[in-house]
Amino acid sequence: MARARPSGLLCHGRARVRARQGRWPDAQALPFADDSADAVLALHMLYHVGDIKATTKEMARVLRPGGILIASTNGDTDKQELDQLWARAAGDVLGIPEGPARVSLSSRFSLEKAPGYFGTAFEDIRVRKLPGTIELTDPAPIVAHLASYEAWADQWGVPFHENVSRAAEIAGATILAEGAFKIRCLGGVLACRL
């Protein structure tokens, strides 16, 4: 089991890897021996790696026989109401019926796509879907969430801050009219064994 320590060490059994200049080891080249880990955790991070297939093989390489990979990600339909809100706000800002979609970070490695990636290295793959609904009575969390995507703003083709402000107005109006802004969520956990 790996855990971060305040001293900048990543501990794994008897192996220790010092973070260099604030950077942790690459998930595509884990600094651990073959068959050395009882468990590997990949929580909402595989959609960020450059090569998901290579990372999957690397996680399988370090697992001992009988070891387990626990991964989590979002489903393809996760928080669609935020996607629709973004597109509507972008359309209003740009003066068109519907604006461009927001960047979907987890679409590269969604709950629906994950078994296909893991099937190349793991035989037993179990998926547990975790649906839910968020009901917001204040648009502030929506604004904070949308604002967290600013690093990808240049990919959207819409004035970012103006679009976030318009989305806040639409969300606020929805809350006034309906009592809450409802967001359906679909995430999940995968448990994989070799």
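Q: How many of the contacts in the chain with a separation of 6 or more join residues 24 or more positions apart?
A: In this predicted model, 75% of the contacts with a separation of 6 or more are between residues 24 or more positions apart.

Q: What elements does the chain contain, and in what order do they run?
A: The chain has five helices and seven strands. From the N terminus, the order is β-β-β-β-α-β-α-α-β-α-α-β.

Q: Why is Trp86 called buried?
A: Buried means under 20% relative accessible area. Trp86 has a relative accessibility of 0%, and therefore counts as buried. Trp86 belongs to helix α2 (residues 80–94). Beyond its neighbours within four places in sequence, Trp86 is in contact with Pro100, Ala101, Arg102, Leu146, Trp156, Val158, Phe160, Asn163 and Val164. In the chain, buried residues make up 41% of the 194 residues.

Q: What makes a set of residues a nonpolar core, and which residues have the most contacts inside the largest one?
A: The members must be buried residues of the nonpolar kinds counted for a core, joined through side-chain atoms within 4.5 Å. The largest such core has 24 residues, and those with the most contacts inside it are Val40, Leu46, Met59, Leu69, Phe109, Phe118 and Phe122. Two or more residues each come from β4 (37–43), α1 (52–62), β5 (63–74), α3 (114–118) and β7 (181–193). Helix α1 gives the largest share, four residues. As for Phe118, residues up to four places away in sequence are not counted, and Phe118 touches Leu46, Thr56, Met59, Leu69, Ala71, Phe109, Ile125, Leu190 and Cys192. A second, separate core has 22 residues, among them Trp86, Ala90, Ile142 and Phe160.

Q: Why is α4 described as roughly antiparallel to α5?
A: Two packed helices are described by the angle between their axes and the distance between the axes. Helix α4 (residues 140–147) and helix α5 (residues 160–178) pack at about 155°, with their axes 9 Å apart. Angles over 145 degrees count as roughly antiparallel, and therefore α4 is roughly antiparallel to α5. The crossing of α4 past α5 is right-handed.

Q: Which residues meet where α4 and α5 are in contact, and what is their class?
A: From α4, Ile142, Val143, Leu146 and Ala147 meet Phe160, Val164, Ala167, Ala168 and Ala171 of α5. By class, this contact has nine nonpolar residues, no polar residues and no charged residues.

Q: What makes the phi of His44 and of Lys79 worth noting?
A: Most residues other than glycine have a negative phi. His44 is not a glycine, yet its phi is positive, at about 45°. Lys79, also a residue other than glycine, has a positive phi near 55°. His44 is in the loop between β4 and α1, and Lys79 is in the loop between β5 and α2.

Q: How do you know that His44 and Ser104 are partly exposed?
A: Partly exposed covers values between the 20% limit for buried and the 50% limit for exposed. His44 has a relative accessible area of 33%, so His44 is partly exposed. Ser104, at 42%, is therefore partly exposed. Ser104 is placed in the loop between α2 and α3, and its C-alpha atom is separated by 9.9 Å from that of Tyr47, 57 residues apart along the chain.

Terms used: Residues numbered from 1 in each chain as written. Predicted model: local features only at pLDDT ≥ 70, side-chain atom pairs only at ≥ 80, totals over all residues. Heavy atoms only, no water. Buried < 20%, exposed > 50% of the residue type's maximum accessible area, 1.4 Å probe, protein only. Contact = heavy atoms within 4.5 Å. Axes fitted to C-alpha atoms, helices over the stretch in contact; angles between N-to-C directions. Parallel < 35°, antiparallel > 145°, perpendicular 65-115°, else oblique. Left-handed = near helix turned anticlockwise from the far one by under 90°. Nonpolar A, V, L, I, M, F, W, Y, C, P; charged D, E, K, R; others polar.
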